[in-house]
Structures are given as structure tokens and as C-alpha cells.
Amino acid sequence: PRQSPPPLQYRPINTFAMGGQRLFRRNIVIFAILTISNAVVANASRFRNLSIPCFAAPEPKLGPFDNLSRRDILLLSTGGLAYGKLVGGALSRLTRGDRYPPDHEDRVRSTFRTAVVEAARAATDRNDGSGGRPLRVLEVGVGSGCRAASRGLYGLAMNDLSLVADSYGGEREAVGVALVGIDLEAPKADAVSKAREVLSHPDGFAPPSFPITFDTYAGDLNGGLSYADGSFDVVLCVLCLCSVLDQAKAIGEIHRLVNPKGGTFGYVEHVAVNMDEEGEGDRGFMDWQQRSLDPLQQRIAHNCHLHRDTDRAISDEFNIGQHSKMLQKERFFVEDMWPVNCQSAGVVQRLA
């Protein structure tokens, strides 16, 4: 018989728990970048809307480079190269073998598990015919390599989905999962093939007792997806909402797609440091880094924003407490993912 695995155990994380020399080198580079950025700001009026501490603008609005002098361009280029090298080194460590730190991936597994299992229970309880069809799951920002599926991050969710029937006396069995992946560009065929293989034969778990289909398409949350309201029992995203052009609009589209009768939305995103949040009041230096480096990060990392209050945007859109409830939520730090190490994971369920 299938056994539910023990609860995931997370290692306590200290954001500044690193070697003194490593921390010193990183901070020297950061201060150099900020000095260069501020020099550009002082000499180019078009940067007045950048989110740098001396102007404290809430959202950076980058315009053309028409008014920059050669000196400004040289300074900005030097700062960009330095920051690009720093971030590039971090990204190369993360993407080597397409593996992220365990403290991040464990949260993804737990989030996926809660979102999938609770949506399945809601579908079974509804007894409206949805219990007799595959569970419909949408992953937005699936990525060119279908990382979550290829890394086996759905394994725990699929294993525990088989246990849902046990809580109903074994009368109802899972009939399958129809997983759809969406991104601006559809993944290549070999990545999709690998993901399907891992979904069918997850490492560390018995093969699912129900069929799993996995299809991918090109689509844009900001442009609207061609699905009817409430089409999906589960919507998932990992490190996606940091880069969408209009975050509020993207979250609104996700809300539209989640089944209003118990459907779930699970996310793991890097977020802005919240100085009012318990355990983050001493993160002032990290908050400063996020605000100061945000404009460069957007330019070199495909519009990735370091300082978005994604938690609040999700709570506002889903109207937590009235039209939906938060099933689980955690804010945490993953040092090896700097500069996106301040993260939040949660699962929201829409109420009938």
C-alpha cells in the first residue's frame, strides 16, 4: 500500500551565514555598482524615475538613452557588466544540472502537493461530475526546460493524490491529471518528452496509478489565455510573477482561470523584503540592495523585478478572507539564490 511520506523538514536558514571573505567580496561589488549607478543618476536627468534610494520611486520607468553622454554610457555599461557578472555567477550555479537549492525545491514540492490534493478533495466533495474527469492543472511560466516537471517536483503531489480516495473509504479513485504548461514560448519537444517520462516514473515514488497527460502551449497572461472562466482546478507558478509586464493583470488572469468552487492557486515567488514582517525587520541591507539593484536586474534578467510585493497583490486580487482562504503560506530566505533569495510560498483556495 502507498504510504504518505513524512512531512518535509526544512533547514533553518540564516541569510548572512556565509564565509566572511565571501560576504566581504559581495558587498564590495554591490557598493561599487551602487556608486556607478548613482553617478549616472547625478549626470542624467532622464533617470529621475529610477527606483534608487535618493529618489525612492515606487516603480522604475526606464526611457530611451537618447540624452546620455558618453561618460554616462560608460559608467552605466561598467555597472551593468559588474552586476551581470555577479548575477551570472549565481545563475550558473543554480542552473547547473537544472537544479535549484533544496530549500527552494522543497517548498515547491510542498506547495504543489497542497494545491493539487486540496483541489482534488474539493472536486470530490462537489459531486457535480468533476470527480469523474481528470484534475485540470495549469502551470504558468513552465519554462523552456519544463523544470518543475523534469526535476520531479510533482512527484509528492501525484503520490498523495492517490491517497485522496483513502479519506473517502476507497470509494472514489483518481481518474487522472491533465497538466498544461504555458509560457511565452512553448518548450521544445525533447524537454516535454523528458518531463512526461519523469511525471510517469517519479524518482522516490511508485508510478501513479492514474494517467497523467502533459501538453504545452505558447501563451501570455497579460494578453489573456484562451480558456473559459474557472477552467482549471489548480493553477501553479514558480518564479514567474516577478517578470510579467503587468503583475496585477497577470494575477487577475490566474484568478479568472481558477475554479471558483474549491480550485487552488499555488505559488513560489521571490518577493520584496517586508520590514514589517516577523523575522524580516533586520533585513534592511537586503531591502536596500533590492531597491537599488532593481533597475539593472530588469535590464539583464528579462524584466525580473527584485522588489515586487507579490504577496499583497495576490491577497488583494483573491480577496483573502472573504472569497478565498489561504491554505498555507511561508516567507523564507534561500541564500544560494541571491539576489532573489527572499521568497514566499503559498496556496490560495477559492470559496464556493
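Visitor: Among contacts in the chain between residues at least 6 apart in sequence, what share joins residues at least 24 apart?

Guide: In this predicted model, 78% of the contacts between residues at least 6 apart in sequence join residues that are at least 24 apart.

Visitor: Why is Gln-247 counted as buried?

Guide: Buried means under 20% relative accessible area, and Gln-247, at 10% relative accessibility, therefore counts as buried. Gln-247 is found in helix α7, and, leaving aside neighbours within four places in sequence, Gln-247 is in contact with Leu-241, Arg-308, Asp-309, Thr-310 and Ala-313.

Visitor: What makes Glu-253 buried?

Guide: The relative accessible area of Glu-253 is 9%, so Glu-253 is buried by the cut-off of under 20%. Glu-253 also belongs to helix α7, and, not counting residues up to four places away in sequence, Glu-253 touches Leu-221, Gly-224 and Leu-225. The C-alpha atom of Glu-253 is separated by 9.9 Å from that of Asp-220, although the two residues are 33 apart along the chain.

Visitor: Which residues of α7 and α9 meet?

Guide: From α7 come Gln-247, Ile-251, Gly-252, Ile-254 and His-255, and they meet Thr-310, Ala-313, Ile-314, Glu-317 and Phe-318 in α9. By class, this contact of α7 with α9 has five nonpolar, four polar and one charged residues.

Visitor: Which residues have the most contacts inside the largest nonpolar core?

Guide: The largest nonpolar core has 45 residues, and those with the most contacts inside it are Phe-112, Tyr-154, Met-158, Val-177, Phe-214 and Val-234. Helix α3 (residues 102–126) contributes the largest share of this core, with seven residues. Apart from this core lies another, of 22 residues, which includes Leu-241, Leu-257, Phe-318 and Val-348. As for Met-158, leaving aside its neighbours within four places in sequence, this residue is in contact with Val-116, Val-177, Pro-208, Phe-210 and Ile-212.

Visitor: Is His-302 exposed or buried, and what makes it so?

Guide: With a relative accessible area of 74%, His-302 is exposed, because exposed means over 50%. His-302 lies in the loop between α8 (284–300) and α9, and has a positive phi of about 55° although it is not a glycine.

Visitor: Why is Asn-319 called partly exposed?

Guide: The relative accessible area of Asn-319 is 26%, so Asn-319 is partly exposed, a term for values between the 20% and 50% cut-offs. Asn-319 lies in the loop between α9 and β6, and its phi is positive, about 55°, although Asn-319 is not a glycine. Most residues other than glycine have a negative phi.

Visitor: Which residues does a cis peptide bond join?

Guide: Trp-338 and Pro-339 are joined by a cis peptide bond, with omega about 10°, and Pro-339 lies in the loop between β6 (324–333) and β7 (342–350). Most peptide bonds are trans.

Terms used:
Residues are numbered from 1 along each chain as its sequence is written. This is a predicted model: local features need pLDDT of at least 70, side-chain atom pairs count only at pLDDT 80 or more; totals for chains, interfaces and linings use all residues. Side-chain values use heavy atoms; hydrogens and water are left out. Contact means heavy atoms within 4.5 Å. Helices (H or I, at least four residues) and strands (E, at least two) are DSSP runs, numbered from the N terminus. Ala, Val, Leu, Ile, Met, Phe, Trp, Tyr, Cys and Pro count as nonpolar, Asp, Glu, Lys and Arg as charged, and the others, Gly among them, as polar. A nonpolar core is a set of buried Ala, Val, Leu, Ile, Met, Phe, Trp, Tyr and Cys residues joined through side-chain atoms within 4.5 Å. Buried means under 20% relative accessible area, exposed over 50%, partly exposed in between (1.4 Å probe, protein chains only).
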